[in-house]
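Q: I am new to this structure and would like a close look at a single part of it. Please keep the account plain.

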Amino acid sequence: MAVVRRSRTAMDILKSDTGCISTYSKNIDDMLNGGIRMGVVTELCGNPGSGKSNLCTQLCVSVQMKYGVTTNETGTVIYIDTEGSFVPIRLQNMAMAAENHYKNENENLTNISSVEEILKNVIYFRCINVAELIACLIQLKQIMTPERNVKLIILDSLAHPIRSIINSDHLTRHKHIVRIVSMLQKIAADYKCAAVIVNHMIAKVESPNNEAYCAPALGDTFGHMSQLRLQLSWKMNKREARVLKSPHIAELSTYFQITDDGIRDIDETELMDQNSCNSASQENMHPIAIV
Amino acid sequence: MSLTLNDIDLPLVVEEKLRRVYGAKYSLKNVLELDPDELIRTTRLKNQDIDLALQCISNTFYPFTRRQMSVWQMIEKERDLITTFSTGCPIMDNTLGGGIRLGQITELYGESGCGKTQLCIQLSLEVQRTFRARGQEAKVVYINTESHIEKIDKRLKHISYYRAKADKPFNIADARCLQQHFFDNIYIDIIRHYRHLEMTLVDRLPLLLSREPSIRLIIIDSLAALFRSEDILFEHHTKANTLQYLGFAMHTLCHRYNLAIVCVNQVQTQFSQIYDGSLVSQSMTLAPALGLTWAFIVHCRIKLSKTENIEEHHSDSQQSQIVFDEHKSTTSIKTNVVHLRSLSVDYCYHIPKLNRCNYFIVDKGVFGSRN
């Protein structure tokens with residue numbers, strides 16, 4: 001089973017651009033040059049309640065809309081949930097909102113995937129520990145069939161099972177991280193699908209002033225393994241998305257909001273509103289040092 | 001109970017070699033956690049044999065086709081099941097998107113005296129009522145770490161009496177019977193040390209749950225009290241590790257038995273410096289205790305707080321208060337007042353962050369207010 005890999009030039013790669021998945025927020029899409037890239041691993045990190053899972057859910061809908069509207073293919077999404085936070089009703093709401101949106105925009109368009117179709121094409125797995133996650137990933141090839149056309153794999157989250165390994169040294173953790181992420185990387189590259197990994201934040205107290213600050217969890221090894229690192233946070237009572245690491249995008253940040261319909265842009269008028277800017281956000285602050 | 005190498009069928013050569021190295025009692029979980037390269041090195045098997053073995057092992061350990069489910073199927077399945085239970089008041093249910101969700105960890109936090117324990121007591125009764133309305137039985141485990149058990153017992157008697165009356169009994173005897181039924185379904189445990197809680201979550205509760213599968217709610221009131229004890233107070237690393245371990249145990253319980261866990265958390269004051277023009281002012285905010293590690297464990301965090309507002313003319317309240325109006329400089333006596341507190345959702349995957357409502361506490365329990 002020796003597959004000969006033909007060497008490719010940069011021009012080939014440029015021409016065979018695999019495309020992006022939109023986030024439904026124009027600002028974030030512009031910042032990311034079109035959205036989440038296919039074929040590579042993207043990392044999302046942020047504090048609890050910063051909208052990581054909601055963004056993932058939005059991506060589920062957006063993949064389906066893209067493949068339902070532009071082509072007649074289906075784009076299947078694999079959602080691997082390790083935390084148990086997924087609630088199917090939320091996806092249904094977002095799917096309904098997206099469907100309405102497209103119906104209003106283009107009235108004569110017929111081949112829109114219906115809500116039922118969207119929900120049927122999101123395959124959900126629940127893994128509770130690392131062994132289950134690895135077992136799931138080993139078998140993932142079984143459903144990567146051409147008719148399914150898997151376009152997005154979401155792992156929400158990697159940090160939870162890894163951090164829950166009891167009595168482990170750093171070496172074991174790193175082994176697992178490298179193994180899981182490289183499996184995902186391989187699948188993403190082989191099947192030209194996007195892989196999104198959700199990560200936690202941890203408190204660090206290494207800075208010179210002994211000041212605590214938040215950093216993405218899972219250590220430096222993991223930091224090198226994802227191609228794009230996107231941090232979600234609260235800033236001045238608004239949700240902010242910031243590029244932490246990327247080979248091709250400038251380190252930008254932008255604001256977005258989460259509504260009942262999903263991820264959306266903030267209205268420009270609201271952005272200008274001085275009152276909301278002045279009141280510094282006390283929400284979502286997490287105590288670090290003293291308990 | 002866990003699956004071992006004995007339980008799977010592999011090609012003879014592969015199976016023999018695996019058994020020779022690891023023994024027949026070696027669990028599949030450990031094999032999966034091993035590095036594939038290490039497997040090759042120790043068993044001296046070929047690469048594709050190991051691949052095949054891993055595929056077989058993972059299929060036995062994690063039945064792939066049975067575990068996969070489309071979201072459409074999930075919604076269909078949820079339609080017939082109870083996924084949330086009520087808090088006992090339609091206004092509060094509305095704020096929380098239907099109530100407390102099963103299979104998730106919900107955290108209540110707030111300063112002392114804003115009704116955390118009261119709400120917990122009410123939840124332990126309401127989960128029974130929600131399930132009874134659908135013809136099922138629900139039991140509750142109430143783990144208490146803070147207050148005297150007598151106080152909780154007394155309050156439980158109070159609220160359960162009113163709840164039993166609300167279920168329209170035929171006569172006094174029937175009401176007593178209903179009330180007794182509420183009591184029979186609540187297991188109360190007192191824990192004073194975090195190691196005991198660890199033991200309870202890992203060993204005792206699974207044992208209880210295997211005998212009583214109808215347990216639907218575990219209340220831990222409060223988690224913070226255990227971790228503010230002195231021997232773990234300043235050992236941040238140990239504390240974070242223990243919390244993560246407890247959280248993992250809770251997640252496993254939630255998932256395996258489809259039950260809800262409600263944790264009570266205390267608040268801590270947080271000092272932060274805000275640049276306010278030229279001068280630096282110190283500001284204090286109340287934030288939930290236990291830190292960032294714990295924040296990632298909970299699925300839904302609910303904030304309870306006191307407000308200054310009061311509301312008049314409630315038939316359930318006998319309290320009155322003298323109010324001094326600054327503008328007119330008159331005093332007036334308000335009768336039958338209730339003090340309003342506020343409930344808001346800090347974060348939750350499926351509930352909008354803006355959701356909030358006011359509530360008050362009276363003899364009959366905790367109720368939401370329309371204002």
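Which domains does the domain assignment give for chain B, and how do H11(B) and H14(B) pack?

A: This is a predicted model, in which local features need pLDDT of at least 70 and side-chain atom pairs count only at pLDDT 80 or more, while totals for chains, interfaces and linings use all residues. Residues are numbered from 1 along each chain as its sequence is written, chains are lettered from A and ligands numbered from 1 in the order in which they are written.

For chain B, the assignment gives domain 1 (5-67) and domain 2 (79-307 + 344-369); such bounds come from an automatic or database domain assignment. The centres of the two domains of chain B, taken over C-alpha atoms, are 42 Å apart.

Now the helices, which are DSSP runs of H or I with at least four residues, numbered from the N terminus. Helix H11 (residues 194-211) of chain B packs against helix H14 (residues 236-257) of chain B at an angle of about 15 degrees, and 10 Å separate their axes. Axes are lines fitted to C-alpha atoms over the stretch in contact, with angles from 0 to 180 degrees between N-to-C directions. H11(B) and H14(B) are therefore roughly parallel to each other, a term for angles under 35 degrees. The crossing of H11(B) with H14(B) is left-handed, meaning that the near helix is turned anticlockwise from the far one by less than a right angle.

Residues of H11(B) in this contact include Tyr194(B), Leu197(B) and Glu198(B), and those of H14(B) include Thr242(B), Tyr245(B) and Tyr257(B); contact requires C-beta atoms, placed from the backbone, within 7 Å. By class, the contact of H11(B) with H14(B) has 12 nonpolar residues, 1 polar and 1 charged. Nonpolar covers Ala, Val, Leu, Ile, Met, Phe, Trp, Tyr, Cys and Pro, charged covers Asp, Glu, Lys and Arg, and the others, Gly among them, are polar.

Methods
Helix = DSSP H or I, 4+ residues; strand = E, 2+ residues; numbered from the N terminus. Parallel < 35°, antiparallel > 145°, perpendicular 65-115°, else oblique. Contact = placed C-beta atoms within 7 Å.
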